[in-house]
Amino acid sequence: MRYKIALAQTLTNPECGQNLKTAERLTAEAAAKGAELIVFPEVFLASFPENAMLDEKLKAAHETDSPAVDRMRKAAADNGIWMIFGMYEPASERKNFNTTIVADDKGLIRSVYHKTHLYDAFNYLESDFNAAGDKLFEPIDTPFCKLGLMVCYELRFPEIARHQALNGADIIIVPAAWSDGEGKLTQLELLTRSRALENTVFVAMCDMGRERVGNSMVVDPLGNVIVRAGREEELLIAEIDTKLIEKTRRTVPSLANRRPELYI
């Protein structure tokens with residue numbers, strides 16, 4: 001089966017209203033180009049610079065039935081396209097969840113995922129303002145694929161991608177807001193391609209541009225980058241052929257050749 005997905009590489013913006021307008025514009029454009037799914041970055045509804053104050057981030061949180069989420073769902077329904085986007089969701093008085101929502105082409109929420117592995121690395125502590133989720137994303141069926149998901153820093157944990165693959169995902173979506181810095185772009189590409197190759201699945205990583213490293217990309221089951229963005233705002237369209245998964249697994253049956261009894 002062949003289908004198209006769109007990665008909406010946007011810019012860091014703490015203004016939810018402006019982000020909603022961007023989402024409506026890019027969703028309509030993606031649908032017009034034949035995409036079945038559009039992906040927005042991690043914490044898309046309000047993305048702050050890393051030095052933003054805690055109170056700013058707490059005020060930017062949305063419940064899953066908020067007007068902002070309703071507008072995103074309406075954009076999906078109006079354009080008949082599945083949608084994945086990130087946001088902050090209240091978790092407690094002093095912490096949010098880093099939440100990713102999957103909505104279908106009717107605007108119905110099909111999954112709500114709370115990021116489980118927080119970015120406590122490179123002298124940064126996401127856990128200072130976000131609470132960790134307590135369960136991994138469970139792949140879901142769509143009319144065009146079985147969809148897996150992990151978020152940004154979680155690329156560094158191969159167990160998460162393996163969980164998706166072993167539970168039937170043929171594409172793993174990775175919303176991201178990947179911080180810039182020495183070697184960070186190289187690491188992002190290496191990790192994205194590795195997660196695809198070792199699991200013989202497609203991986204679609206949607207990052208933010210400019211303040212982050214950009215370079216949103218779709219990688220095939222052999223680890224080849226098939227489309228890639230630059231550093232600015234860009235709507236990236238990729239065609240996915242699920243037959244390539246079957247072909248790859250006949251040639252490189254690494255999932256079938258696993259010996260899990262040795263890994264404990």
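**Close-up 1. Asp105 and its salt-bridge partner Lys106.** Asp105 is partly exposed in this predicted model, with a relative accessible area of 24%, where buried means under 20% relative accessible area, exposed means over 50%, and partly exposed lies in between (1.4 Å probe, protein chains only). Its side chain meets that of Lys106 in a salt bridge, with a distance of 3.8 Å from N to O; the term stands for a side-chain nitrogen of Lys or Arg within 4 Å of a carboxyl oxygen of Asp or Glu. Lys106 itself counts as exposed, at 60% relative accessibility. Residues are numbered from 1 along each chain as its sequence is written, and side-chain values use heavy atoms, with hydrogens and water left out. Because the model is predicted, local features need pLDDT of at least 70 and side-chain atom pairs count only at pLDDT 80 or more, whereas totals for chains, interfaces and linings use all residues.

**Close-up 2. The salt bridge between Glu29 and Lys33.** In this view the side chains of Glu29 and Lys33 come together, with 3.1 Å from N to O. Glu29 is partly exposed, having a relative accessible area of 30%, and Lys33 is also partly exposed, with a value of 40%.

**Close-up 3. Arg259 paired with Glu261.** The closest N and O atoms of this salt bridge, formed by Arg259 and Glu261, are 3.2 Å apart. Arg259 is partly exposed, with a relative accessible area of 47%, while Glu261 counts as exposed at 52% relative accessibility.

**Close-up 4. A network of salt bridges that links Arg2, Glu239 and Asp241.** Here three residues, Arg2, Glu239 and Asp241, are joined through salt bridges into a network. For the model as a whole, the count by the rule given in the legend of the opening view comes to 19 salt bridges.

Close-up 5. A disulfide is a covalent bond between the sulfur atoms of two cysteines, and the search for it looks for a pair of cysteine sulfur atoms within 2.5 Å. Across the whole structure this search finds zero disulfides.
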